[in-house]
Amino acid sequence: MLDRRAKRIVWTFLIGVIASEGMAIAFSFRAKGNWAAALVHYTVTPPGTPLAWALAAAVTLAYAAFSAAGSPVIRAHMLRPSTWQPYAAMVGVAVPMALISGFFEEAFFRKVMMDIAMRDGASIALQIALSALGFGAVHAIWGLLGGNWRGAMAAMLATGGLGAALAFVYVVGGRSLAPCVAAHIAINLLIEPWLLITAATNGWSRRTAILA
């Protein structure tokens, strides 16, 4: 079971992501009469290509497996609902966090960053590199939650690799967010809140995989 400090870290992060990224989404779509329809349209226009969806599924499975291999906590709880009862409230709150962060982070790190870079004349390779670097740098927080600087670098490398993969999916999909958002949400649902619990209690080793 989690001690009081670890519980406080996990709950602060869950609620903080929901509040901050949720408010950013609400602000972005505030002028839309039907904001939910506008959000869906923004995500699925264009809808992506069959290859992009296949790659998104492969990235999801590979990253979830990599995460489970790096964390005994994720490995013990992922896809095992019978073990969730002591963490039922956290699991419940992790669901909206997964949905919100999956959309917001893909919209920002893929569509916004990469489309701005494209308009500035950046090559596809540079767009993917910038997206991966930004995504990885932000997720260094996973190591810092456990006070582990080496873990922070491991987190940056792991999520930078994931960011590069999702950026490639974005390009292959005709610059569609849909397969990227679906993959991001699926990964979050598979490894949250076990990822947070690991970060809050043990920090991260070089082999630990991370996402949010």
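**Charged side chains in their setting**

Guide: Arg5 lies in helix H1, which covers residues 4–28 (helices are DSSP runs of H or I with at least four residues, strands are E runs of at least two, and numbering starts at the N terminus). The model is predicted: local features need pLDDT of at least 70 and side-chain atom pairs pLDDT 80 or more, while totals for chains, interfaces and linings use all residues. Residues are numbered from 1 along each chain as its sequence is written, and side-chain values use heavy atoms, leaving out hydrogens and water.

Arg5 has a relative accessible area of 41% and is therefore partly exposed (buried is under 20%, exposed over 50%, and partly exposed in between, with a 1.4 Å probe and protein chains only). On the surface, Arg5 gathers with Arg4, Lys7 and Arg8 in a patch of positive charge. Patch members have over 30% relative accessible area and no salt bridge, with like charges joined within 9 Å and nonpolar side chains (Val, Leu, Ile, Met, Phe, Trp, Tyr) within 5 Å. Lys and Arg count as positive, Asp and Glu as negative, with His and the chain ends not counted; the charge is placed at NZ of Lys, CZ of Arg, CG of Asp or CD of Glu.

The paired charges come next. A salt bridge places a side-chain nitrogen of Lys or Arg within 4 Å of a carboxyl oxygen of Asp or Glu, and by this rule the count is three. One of them joins the side chains of Arg110 and Glu106, with an N to O distance of 2.8 Å. Both residues belong to helix H5 (residues 88–119), where they stand four residues apart, about one turn of the helix. Arg110 is buried because its relative accessible area is 0%; Glu106 is also at 0% and is therefore buried.

Asp115 takes part in a salt bridge with Lys111, whose closest N and O atoms are 3.8 Å apart. About one helical turn separates Asp115 from Lys111, because they are four residues apart in helix H5. Asp115 and Lys111 are both buried.

Asp115 also meets Arg175 in a salt bridge, at 3.0 Å from N to O. This pair links distant parts of the chain, 60 residues apart: Asp115 is in helix H5, while Arg175 is in the loop between helix H8 (149–172) and helix H9 (178–191). Through salt bridges that share partners, Lys111, Asp115 and Arg175 are joined into one network. Arg175 counts as buried because its relative accessibility is 16%.

The backbone of Arg175 also deserves attention: its phi is near 65°, a positive value in a residue other than glycine. Most residues other than glycine have a negative phi, and most peptide bonds are trans. Leu79 likewise is not a glycine and has a positive phi, of about 65°. Leu79 sits in the loop between helix H4 (72–77) and H5, and counts as exposed because its relative accessibility is 65%. Thr45 and Pro46 are joined by a cis peptide bond with omega of about -5°; Pro46 occupies the loop between helix H2 (35–44) and helix H3 (50–70). A cis peptide bond also joins Glu192 and Pro193, again with omega of about -5°. Pro193 is in the loop between H9 and helix H10 (194–202).

Helix H5 also holds Val95. Val95 is partly exposed because its relative accessible area is 37%. Together with Leu99 and Leu189, Val95 forms a nonpolar patch on the surface, of about 240 Å² accessible area in total (areas come from the Shrake-Rupley method with a 1.4 Å probe, and for residues only the protein chains shown count as cover).

These features belong to a protein chain with 10 helices and zero strands. Its radius of gyration is 17 Å, close to the 17 Å given by the globule rule for 212 residues, so the chain is as compact as a globular protein of that length (the radius is taken over C-alpha atoms, and the rule is 2.2 Å times the number of residues to the power 0.38). Along the principal axes, the C-alpha atoms fill a box of roughly 50 × 40 × 30 Å. Of the 212 residues in the chain, 49% count as buried.
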